[in-house]
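Student: Could we go through this model together? I'd like to begin with one of the helices and then move on to the cavities.

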Amino acid sequence: MDLRQLRFFLEVARAESFTRAAEKLHIAQPALSIAIRKLEEELDVVLFNRRDRKITLTAEGEALARHARLIEQQVSEARQELDDLRGLLRGEVRVGLSPMLSSYFFPQIVASFKRRYPALQLSINGDNARNIQRKIAAGTLDMGVIAGAVPEGLDSHLLVRDEVVACVHRSHALAARKTAPLRELLAEPLIHFSEGYHLRELIEERAAREGIVPVVAAESNLFALARSLVREELGLAFFPRMVVAHDAGMAAISCDPPLFLDLAIVWKKNASLSRANRVFVDFIIQEVDDYYLLAQAAGTFPLP
């Protein structure tokens, strides 16, 4: 008894017809009948009742069918697992990432991932959250790391919640303060992120609540440029604390009331992630968890 015979047997049982089963299997009906007869002879049982052109399973046939279905399922699962493992040798992961995050600890995460899975192709696309969401929906990205609320149509895993702080040059009048009212901070000339970035939307929403129209000294989608403009004393910028925690050139001030930013990894809802993509999701979740546990233990930036 081999897998081919079991496949033929199950197809006849499902179709309740040698003719329909042969059509489904793309073989001649006589060949199918011979294969089933040989299986019956090998097992020394009758598997099908053949009466009035109606094909039904005998008791022995029912017993074999139960086992054959389990074997069929296990073979399918084995093939899928092998396909998945082959996917780790030639798979591709396409990730959208905001420019601010791409300049922080994600380079280390990407490097660690490539060292563990050197055969996987990893493509990083820098963009704002809106465009990342659109690209995931269109299928040009597999997943992305975005800030803020997760929209409909995406599944997600929250990576971290980080405090948003106001950053100024070390010589600024506010630099010595640990905390300042948000109204006072919003009165400063702002170095803003470009349209479409969640951090900009968060600041504008809070400014509208306070009845303040911010004075924008400059705007950019480049984190490195915005940070440099703060160092050049052009104005104040809001950043997640994690990206400025070790920057000696700026002072970070907590807002009152405090502001927080949620970062999540997202992918298309109800989509079956490839083995390569699932490995990357699990890897990044573990890496970020480990990073923040270490940072929290060191007291670098306590989490809310």
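This is a predicted model: local features need pLDDT of at least 70, side-chain atom pairs count only at pLDDT 80 or more; totals for chains, interfaces and linings use all residues.

Student: Which residues of helix 2 are buried?

Tutor: Helix 2 spans residues 18-25, and its buried residues are F18, A21, A22 and L25. They lie on the same side of helix 2, because the arc they cover around the axis is only 100°.

Student: Why would residues three or four places apart point the same way?

Tutor: An α-helix has 3.6 residues a turn, so residues with that spacing point the same way.

Student: What do the buried residues of helix 2 pack against?

Tutor: Their packing partners are helix 1 (3-15), helix 3 (29-43), strand 1 (48-51) and strand 2 (54-57).

Student: Which exposed residues are on the face turned away from the buried side?

Tutor: That face of helix 2 carries E23 and K24, both of them exposed.

Student: Switching to cavities, how many are there of 30 Å³ or more?

Tutor: The count comes to two cavities of 30 Å³ or more, and the largest cavity has a volume of about 160 Å³.

Student: What lines the largest cavity?

Tutor: Its lining consists of 15 residues, with S98, M100, A147, Y197 and H198 lying nearest the centre. The elements giving two or more residues to this lining are helix 5 (99-102), helix 7 (129-138), strand 5 (143-147), helix 9 (198-210) and strand 11 (250-268). Strand 5 gives the most, with three residues.

Student: How does that lining divide into nonpolar, polar and charged?

Tutor: The lining of the largest cavity has twelve nonpolar residues, three polar and no charged ones.

Student: And the second largest cavity, which residues line that one?

Tutor: The second largest cavity holds about 50 Å³ of space, and its lining is made up of L190, I191, H192, F193, L199, R200, I203, L236, A237 and F238. Strand 8 (190-193), helix 9 and strand 10 (237-240) each give two or more residues to this lining, and the largest share, four residues, comes from strand 8.

Student: What is the lining of the second largest cavity like by class?

Tutor: By class, that lining has eight nonpolar residues, one polar and one charged.

Methods. Residues are numbered from 1 along each chain as its sequence is written. Side-chain values use heavy atoms; hydrogens and water are left out. On a 1 Å grid over the protein atoms alone, a cavity is a set of points where a 1.4 Å probe fits but cannot get out, and a pocket is an open set with protein on both sides within 12 Å along at least five of seven lines; lining residues have an atom within 4 Å of a point. Grid points are joined across faces, edges and corners, and a volume is the space filled by probe spheres set on the points. Ala, Val, Leu, Ile, Met, Phe, Trp, Tyr, Cys and Pro count as nonpolar, Asp, Glu, Lys and Arg as charged, and the others, Gly among them, as polar. Buried means under 20% relative accessible area, exposed over 50%, partly exposed in between (1.4 Å probe, protein chains only). The arc is that of the directions from the helix axis to the C-beta atoms. Contact means heavy atoms within 4.5 Å.
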